Amino acid sequence: METNLEYLKTVAATFTEEIAVAKLDTPAKSEEFRIRFLGQRRGVIPKLFKTIPHLPKQDRRSAGLLLNALRKEAQTVLEHAIEQYRVKSTDTCDIDLTLPGRRSQWAGSRHPITLALAKITDIFEHMGFAIAEGPEIEDDWHNFTALNFPADHPARDMQDTLFIEEPGEGRAGAMMRTHTSPVQIRTMMAGDPPFRLIAPGRVFRNEAITYKSYCLFHQVEGLVVDEGVTMADLKHTLTGFARAFFGEEVKMRFRPSFFPFTEPSGEVDIWWDLPDHPDGGRWMEILGSGMVHPNVLDAVGIDSERYTGYAFGMGIERPAMLRYGIDDIRIFYENDVRFLAQF
Ligand code: DAH
């Protein structure tokens with residue numbers, strides 16, 4: 001190739017000027033710039049380097065210095081440009097940083113029933129209660145008879161039982177337990193007083209499924225048996241529980257009620273503020289309770305002259321609905337991830 005140093009100097013000056021005014025404000029423009037000036041195969045600067053061997057010997061060194069400076073200039077401008085939009089990448093680069101991230105792992109969360117149950121057991125554990133458990137498949141004696149439900153008495157209709165076999169001659173009457181109260185019986189049969197325990201678990205009823213009732217739900221049973229246990233102890237414990245679970249300001253009331261296994265019996269209601277309600281809210285029943293009926297103590301072989309006790313049983317779903325502002329019980333059992341992920 002015909003060339004000389006003067007020609008190289010002129011061309012280099014032109015390119016220097018071009019490089020100085022290049023506007024490399026997008027990645028595409030920078031890439032174009034790189035190919036034009038520095039590209040290995042067609043870049044103008046590498047091409048100029050290739051002319052050096054054709055120059056007169058005494059000019060080759062100057063030409064080398066000149067072209068090195070030119071290449072350095074192009075590289076500096078390019079690096080500077082790349083640095084710039086790395087910094088302001090939010091508005092100039094192709095990546096949309098406002099898009100949600102791709103998750104490679106999904107974290108699970110605790111079911112609200114599990115959370116409420118954990119909170120309730122925690123409160124009672126702090127009050128010195130032990131945790132007991134019993135089977136979900138029960139028999140007629142533990143679920144009803146020992147709890148003072150008379151045979152063929154309408155009291156058994158209080159709970160719509162899902163029987164596995166009808167009780168009768170030689171048949172125990174296997175059933176899905178309708179409440180956690182049979183755990184009282186099993187625990188008292190297995191040991192001697194004093195008892196101070198709660199028994200959380202699932203219970204089953206053949207009920208119409210609506211926003212407020214389901215065929216499966218959870219209860220926590222409570223039982224305290226000792227010498228000298230009174231109704232005042234019961235009220236004290238339940239008041240302490242309600243304050244710990246719903247807050248110090250909770251409004252609650254005891255209302256007389258009936259259960260075959262307690263005498264006297266009472267229910268506890270919690271005031272639920274509802275701004276849209278004509279009365280500003282309403283009472284919600286959260287548990288049943290009472291003094292353990294002497295017939296129950298007799299059935300499990302505990303001396304009812306010497307010992308007294310109280311018992312209570314609460315549903316978990318209702319307090320959980322109050323606590324988390326859930327208005328339909330069915331959603332607990334639908335396993336909808338959009339619901340579950342909120343806890
Ligand atoms: N077992 C009752 C129910 O399921 C609730 C209950 C009421 C439990 C009073 C108790 C109690 O221990 O004393 O409706």
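I take exposed as over 50% relative accessible area, buried as under 20%, and partly exposed as in between, with a 1.4 Å probe and protein chains only. Helices (H or I, at least four residues) and strands (E, at least two) are DSSP runs numbered from the N terminus.

I noted that this is a predicted model, in which local features need pLDDT of at least 70 and side-chain atom pairs count only at pLDDT 80 or more, while totals for chains, interfaces and linings use all residues. Residues are numbered from 1 along each chain as its sequence is written, and side-chain values use heavy atoms, with hydrogens and water left out.

**Entry: the helix**

I looked up the buried residues of α9 and found Leu-234, Thr-237, Leu-238, Phe-241, Ala-242 and Phe-245. Seen down the helix axis, they fall within an arc of 130°, so they line one face of α9; the arc is that of the directions from the axis to the C-beta atoms.

I then looked up what these buried residues pack against: α6 (112-126), β6 (252-259), β7 (262-273), β8 (281-292), β9 (308-315) and α11 (317-324). Contact here means heavy atoms within 4.5 Å.

Just after the helix, Gly-247 has a positive phi of about 110°.

**Entry: the sheet**

I traced an open sheet of 7 strands with mixed pairing, in the order β1-β4-β5-β9-β8-β7-β6. Its edge strands are β1 (130-131) and β6, each pairing on one side only. Two strands pair if DSSP finds at least two bridges between them.

I found β6 and β7 antiparallel and joined by 7 bridges, with a hairpin of 2 residues connecting them. β7 and β8 also pair in the antiparallel sense, over 10 bridges. Strand β5 (residues 216-226) runs antiparallel to β9, with 8 bridges between them; Gln-219 has Gly-315 in β9 as its bridge partner.

**Entry: the core**

I looked up the largest nonpolar core, which has 40 residues; Ile-120, Phe-124, Tyr-310, Phe-312, Met-314 and Phe-332 touch the most other members. Such a core is a set of buried Ala, Val, Leu, Ile, Met, Phe, Trp, Tyr and Cys residues joined through side-chain atoms within 4.5 Å.

Beyond four places away in sequence, Phe-312 touches residues including Phe-124, Leu-234, Leu-238 and Leu-287.
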